[in-house]
Amino acid sequence: MEKVLLILGLLIMVYNVLYGFRLKRAIPGGVMGERGGQMLFLIVFFALAYLGVLLLTWNEPSSLLLLLLSLILLLGAVFVYLVLRLLDAIVASL
């Protein structure tokens, strides 16, 4: 179960990276462009961290701690998606 949650979180984060690159192109320069670049860097970093956690825990036996970690990471990926959607709506309204 933990591996399914981690893979799902990783897939969402990969989608978030692609979504972030699309938003970065749509964001004008200035403060929004600068902060968008920083946010995109962090999204890519966290996507790689999801992959790292998945690889490091692949052979680990199931445990409550691993289940909680997987759930937290999955919800973190969903949170990033929601923030990107909000940013997209803000940029579209400019």
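**Helix packing and side-chain contacts**

Helix α1 (residues 2-26) and helix α2 (residues 30-57) cross at roughly 160 degrees, and their axes come within 9 Å. The model is predicted: local features need pLDDT of at least 70, side-chain atom pairs count only at pLDDT 80 or more, and totals for chains, interfaces and linings use all residues. Residues are numbered from 1 along each chain as its sequence is written, and side-chain values use heavy atoms, leaving out hydrogens and water.

Helices are DSSP runs of H or I, at least four residues, numbered from the N terminus. Axes are lines fitted to C-alpha atoms over the stretch in contact, with angles from 0 to 180 degrees between N-to-C directions. The pair α1 and α2 is therefore roughly antiparallel (over 145 degrees). The contact of α1 with α2 holds 15 nonpolar, seven polar and two charged residues.

Now the charged side chains. The whole structure has one salt bridge (a side-chain nitrogen of Lys or Arg within 4 Å of a carboxyl oxygen of Asp or Glu). Arg22 and Asp88 form a salt bridge at 2.9 Å, N to O. Arg22 sits in α1 and Asp88 in helix α3 (residues 64-93), 66 residues apart. Arg22 is partly exposed at 38% relative accessibility (between 20% and 50%, 1.4 Å probe, protein chains only).

Next, the rings. The structure has four aromatic pairs (ring centres within 6.5 Å; planes under 30 degrees apart are stacked, over 60 edge-to-face, the rest tilted). Tyr15 and Tyr81 make a tilted pair, 6.0 Å centre to centre, with 50 degrees between the planes. Tyr15 lies in α1 and Tyr81 in α3, so the pair ties together parts 66 residues apart in sequence. Tyr15, Tyr19 and Tyr81 form one aromatic cluster.

Technical notes: Helices (H or I, at least four residues) and strands (E, at least two) are DSSP runs, numbered from the N terminus. Angles under 35 degrees count as roughly parallel, over 145 as roughly antiparallel, 65 to 115 as roughly perpendicular and the rest as oblique. Ala, Val, Leu, Ile, Met, Phe, Trp, Tyr, Cys and Pro count as nonpolar, Asp, Glu, Lys and Arg as charged, and the others, Gly among them, as polar.
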